[in-house]
Amino acid sequence: MIVTLLLGLQLAAAPPSVVSARAGTTESVVPLVETSTGRVLRLDRLAPALPVTVRAAGPGQFVASVFDVTMFLSDQVPYARVGTSLIPLGGPPMMDRGALLVPLQLVAEVLPRLAPSRLTYDPVRSELRVASASTARASAPVAPRRAKRRVVVDAGHGGPDNGMTGPIGGRNKIREKDITLAVSRELAKSLRQRGVEVVMTRTRDTLIGLYDRGPIANESGADLFLSIHVNAANLRWRRPGDARGFETYFLAEAKTEDERRVERMENEAVRFETAAQAPKDDPLSFIIHDMAQNEHLRESQELAAAVQSGLSRVHPGPSRGVKQAGFVVLTTAFMPAVLVEIGFGTNAAEARYLASPTRQREIAEAIADATMSYLEGYERRLGSAGR
Ligand SMILES: [Zn+2]
């Protein structure tokens with residue numbers, strides 16, 4: 001009696017050496033590896049019982065997908081990024097001969113929380129149970145696939161953040177936040193007329209934090225993100241009032257001094273936000289932002305090129321080209337995203353041009369046309385990739 005009891009206790013206390021996923025009669029069993037930071041496993045080996053894929057996204061970086069949940073994981077970084085949230089992990093993921101090992105807690109706690117209608121974890125059997133889609137649908141209806149394209153239009157600045165004011169030496173001052181709102185409203189109207197759903201980050205003179213604009217875009221489930229801004233010359237330039245023209249940015253590291261100038265200027269808006277709104281300045285969030293954005297880099301560049309060539313058909317100023325910089329507003333949007341500087345408010349003629357409602361409509365129409373041609377191209381690219 002006593003012997004049996006002791007044996008039983010010992011068995012209960014011994015940690016499981018494997019973890020399994022079960023879907024009906026299909027079972028995948030994966031060994032657990034003991035490490036100094038806890039037990040880890042090869043997540044990809046839980047397939048096929050668990051519909052999981054893990055792929056490398058860069059040195060020490062991985063993208064893991066389970067159902068429609070996409071997780072970004074980094075070697076030795078004890079967080080998973082899902083959408084815009086960082087989920088703490090029981091220990092850091094690690095690499096073993098090029099493969100990714102994740103903490104058991106990711107399987108036992110994180111995944112069931114992310115896909116509650118499909119996954120439950122049984123700690124006694126050390127088993128992840130995978131419900132079939134039909135069972136899951138009964139408990140959690142799946143949203144029907146949206147046929148309509150959806151675009152986020154982001155009017156730069158707002159509220160206490162005026163953005164740039166200009167022109168230099170001119171009397172009829174313009175404020176960037178007013179111009180961006182007017183053009184964004186016209187852009188939203190034009191896109192809606194073309195059958196696109198539009199989500200605006202702001203429709204009034206309010207301050208939306210830079211770090212909040214991206215999440216608004218992500219939660220809307222939009223296909224792409226357009227941020228509208230007005231440029232300002234550097235006062236240290238030889239004849240700053242002369243600078244004019246339009247340029248479109250996609251997210252990447254700024255390469256030239258001019259790109260860094262615009263990057264600094266647009267990221268400045270952070271100082272209008274309270275400390276609580278802006279995430280801590282830790283390198284981690286940038287690592288993970290980077291990873292998510294890389295997927296959209298090429299598409300963002302395509303979109304930027306389309307916008308730039310669309311604007312060149314109506315805009316009198318010179319085309320300053322497609323450029324790249326690290327804008328906060330773009331790093332937090334996990335979709336193809338561009339920032340358009342529609343002209344220099346510091347130049348007297350261009351400030352007049354930007355303030356004209358007729359010209360604002362023209363600019364908006366040009367950007368809307370470019371967006372449509374980009375979307376058509378995108379669908380073609382998707383279609384040919386699928387064949
Ligand atoms: Zn701006």
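Mentor: A definition to begin with: donors are N, O and S atoms within 2.8 Å of the metal (3.2 Å for Na, K and Ca), and water is not among the atoms, so sites may look incomplete. This is a predicted model, where local features need pLDDT of at least 70 and side-chain atom pairs count only at pLDDT 80 or more, while totals for chains, interfaces and linings use all residues. Residues are numbered from 1 along each chain as its sequence is written, and side-chain values use heavy atoms, with hydrogens and water left out.

Trainee: Ok. Which residues coordinate the zinc ion?
Mentor: His157 (NE2), Glu176 (OE), His229 (ND1), and Glu266 through two entries, Glu266 (OE) and Glu266 (OE), at 2.0 to 2.5 Å.

Trainee: What spacing do the donors follow along the chain?
Mentor: The spacing is H-x18-E-x52-H-x36-E. Glutamate 176 lies in helix H4 (residues 176–193) and histidine 229 in strand E18 (residues 224–231), so this pair ties together parts 53 residues apart in sequence. Helices (H or I, at least four residues) and strands (E, at least two) are DSSP runs, numbered from the N terminus.

Trainee: Is glutamate 176 buried or exposed?
Mentor: Glutamate 176 is buried, at 2% relative accessible area, and histidine 229 is buried too, at 4%. Buried means under 20% relative accessible area, exposed over 50%, and partly exposed in between (1.4 Å probe, protein chains only).

Trainee: New topic. Why is strand E19 largely enclosed?
Mentor: Six of the six residues of E19 (residues 246–251) are buried, so the rest of the structure largely encloses the strand. Phe246, Thr248 and Phe250 point one way, and Glu247, Tyr249 and Leu251 the other.

Trainee: Which strands does E19 pair with?
Mentor: E19 pairs with strand E20 (residues 319–325) in the parallel sense over five bridges, and with strand E21 (residues 337–344) in the antiparallel sense over four bridges. Two strands pair if DSSP finds at least two bridges between them. Threonine 248 stands opposite valine 322 in E20, and tyrosine 249 opposite leucine 339 in E21.

Trainee: How many aromatic pairs does the structure hold?
Mentor: Three. Rings of Phe, Tyr and Trp (its six-membered ring) pair if their centres lie within 6.5 Å; planes under 30 degrees apart count as stacked, over 60 as edge-to-face and the rest as tilted. One of the pairs is tryptophan 237 with phenylalanine 344, tilted, at 6.4 Å centre to centre and 50 degrees between the planes.

Trainee: Where do those two sit?
Mentor: Tryptophan 237 is in the loop between E18 and E19 and phenylalanine 344 in strand E21, 107 residues apart. Tryptophan 237 is partly exposed at 28%, whereas phenylalanine 344 is buried at 0%.
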